[in-house]
Amino acid sequence: MTQASMNTPPKQIEDDRPLWDVVLGVYGYPALLLAHKLKIFPLLADKPLSLTAICGKLNIKARPTEAILTTATAAGFLSFQDGLYYLTPLARHYLLETSPNYFGYLWDLMIDDDQVHSFASLKKAILSDSPQVYGGAGIYQSPEEQAEQVRKFTRGMYSFSITSAFYWPGILDLSNYRTMLDIGGSSGAHSIGAVSKWPQLQAIVFDFPLVCEIAQEFIARHGLQDRIRTQEGNMWSDTLPAADLHFYSTVYNDWPPEKCNFLTAKSFNSLPSGGRIIIHGMLYNDEKTGPFAAAAFSMLMMGWTEGRSYSGRELSTMLAEAGFEGIEVHPAFGYYSLVTGVKP
């Protein structure tokens, strides 16, 4: 390449914003976690405040405070009018702990375990093909020994599940089913949403003992102890409780294909004729060219689990090979989708 050609801009070229987005995302999104950690959102719950007032309450200088507030405003969590910062409806719905749809437990998990998504940790996860969370021990190793981590993790699962849990049960007709087995059900959020939608339905949250204890707290918070019970167990080694509806949310994402095939076959053999399986998760498109959210979720799984994102076609093939029929894929809430089939 000559010096002259180096100094001549190409006639047609896309601008460089996608490259800047990579750089700016590294700095911009942590600003929102900092706003959450500094409790800026609850600070604005009762009334809007000026930059000066917010600086005074946080005891932080104007330059960093304005940088965080502007980032939160640009991202849609705050609005700025007449010199005052307001919470938007989005922030009120998801970022106030008093909201039943509070998302903040998951953000807490991201902050407290930030080493998992550091560049060095992700690089190690990629090169070793193994999760790096909790020093490489993984989230499913000896849960009783990691009691506090399990509590934080289960609350994080509740916070990102509870809103979608009240949405997906309206997509499918579940009127003929009596018992939903929420396998690896964690906080029980999806059981809470399902039985709230379908009055004939009972649910069982099937998970490790400590997780079941935490699930009972959330079930009691919703007053559904007479409709949802927990059963301690290991989905890999224990017999599944009797049910005519099997539900997995963000479970297949945690595991490699051979283990997902094992779970699919186990559900098929456990369900009665006419029983249904539902898989709830973020999906790649069938060409596996995106979307970005599913691809990024696969990277998240790289840091935390043995799993990955799957396409609707891949999960449909798993169900078909196990023997399920009437397989369907449905968009659900936000980035999530459902893949479902019925045992003939």
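Biologist: How many residues in the lining of the second largest pocket are nonpolar, polar and charged?

Modeller: In this predicted model, the lining of that pocket has 5 nonpolar, 2 polar and 4 charged residues.

Biologist: Which residues line the second largest pocket?

Modeller: The lining is made of His-36, Lys-37, Lys-39, Pro-42, Ala-45, Leu-95, Leu-96, Glu-97, Thr-98, Tyr-102 and Asp-108.

Biologist: Okay, on to cavities. How many are there of 30 Å³ or more?

Modeller: The count is 1 cavity of 30 Å³ or more. The largest cavity holds about 40 Å³ of space.

Biologist: Which residues line the largest cavity?

Modeller: You'll find Tyr-252, Asn-253, Ile-279, His-280, Gly-281, Met-282, Leu-283, Tyr-310 and Leu-315 around the largest cavity.

Biologist: Which strand gives the most to the lining of the largest cavity?

Modeller: That's strand E7, residues 276–284, which contributes 5 residues to the lining.

Biologist: How does the lining of the largest cavity split by class?

Modeller: There are 6 nonpolar and 3 polar residues in the lining of the largest cavity, and no charged ones.

Biologist: New topic: how is the protein divided into domains?

Modeller: Domain 1 covers 17–99, while domain 2 is made of 120–132 + 140–343. The C-alpha centres of domain 1 and domain 2 are 33 Å apart.

Biologist: Now helices. At what angle do the axes of H2 and H5 cross?

Modeller: Helix H2 (residues 17–37) and helix H5 (residues 62–74) have axes that cross at roughly 105 degrees and come within 9 Å. Angles of 65 to 115 degrees count as roughly perpendicular, so H2 and H5 are roughly perpendicular to each other.

Biologist: Which residues meet there?

Modeller: From H2, Gly-28, Ala-31, Leu-32, Leu-34 and Ala-35 meet Ile-68, Thr-71 and Ala-72 of H5. By class, the contact of H2 with H5 has 6 nonpolar residues, 2 polar and no charged.

Biologist: What about H8 and H13, at what angle do they pack?

Modeller: Helix H8 (residues 119–128) packs against H13 at an angle of about 85 degrees, and their axes are 9 Å apart. That makes H8 roughly perpendicular to H13.

Biologist: Which residues of H8 and H13 meet?

Modeller: Leu-122, Ala-125 and Ile-126 in H8 meet Met-299, Met-302 and Gly-303 in H13. The contact of H8 with H13 divides into 5 nonpolar residues, 1 polar and no charged.

Biologist: Now the backbone. Where is the cis peptide bond?

Modeller: The cis peptide bond joins Gly-290 and Pro-291, with omega about 0 degrees. Pro-291 sits in the loop between E7 and helix H13 (292–304).

Biologist: What is the phi of Asp-82?

Modeller: Asp-82 has a positive phi of about 50 degrees, although Asp-82 is not a glycine.

Biologist: Why point out these two features?

Modeller: Because most residues other than glycine have a negative phi, and most peptide bonds are trans.

Biologist: And where is Asp-82 found?

Modeller: Asp-82 is in the loop between strand E1 (78–81) and strand E2 (84–87).

Note on methods
Residues are numbered from 1 along each chain as its sequence is written. This is a predicted model: local features need pLDDT of at least 70, side-chain atom pairs count only at pLDDT 80 or more; totals for chains, interfaces and linings use all residues. Side-chain values use heavy atoms; hydrogens and water are left out. Domain bounds come from an automatic or database domain assignment. On a 1 Å grid over the protein atoms alone, a cavity is a set of points where a 1.4 Å probe fits but cannot get out, and a pocket is an open set with protein on both sides within 12 Å along at least five of seven lines; lining residues have an atom within 4 Å of a point. Grid points are joined across faces, edges and corners, and a volume is the space filled by probe spheres set on the points. Helices (H or I, at least four residues) and strands (E, at least two) are DSSP runs, numbered from the N terminus. Ala, Val, Leu, Ile, Met, Phe, Trp, Tyr, Cys and Pro count as nonpolar, Asp, Glu, Lys and Arg as charged, and the others, Gly among them, as polar. Axes are lines fitted to C-alpha atoms, for helices over the stretch in contact, and angles run from 0 to 180 degrees between N-to-C directions. Angles under 35 degrees count as roughly parallel, over 145 as roughly antiparallel, 65 to 115 as roughly perpendicular and the rest as oblique. Contact means heavy atoms within 4.5 Å.
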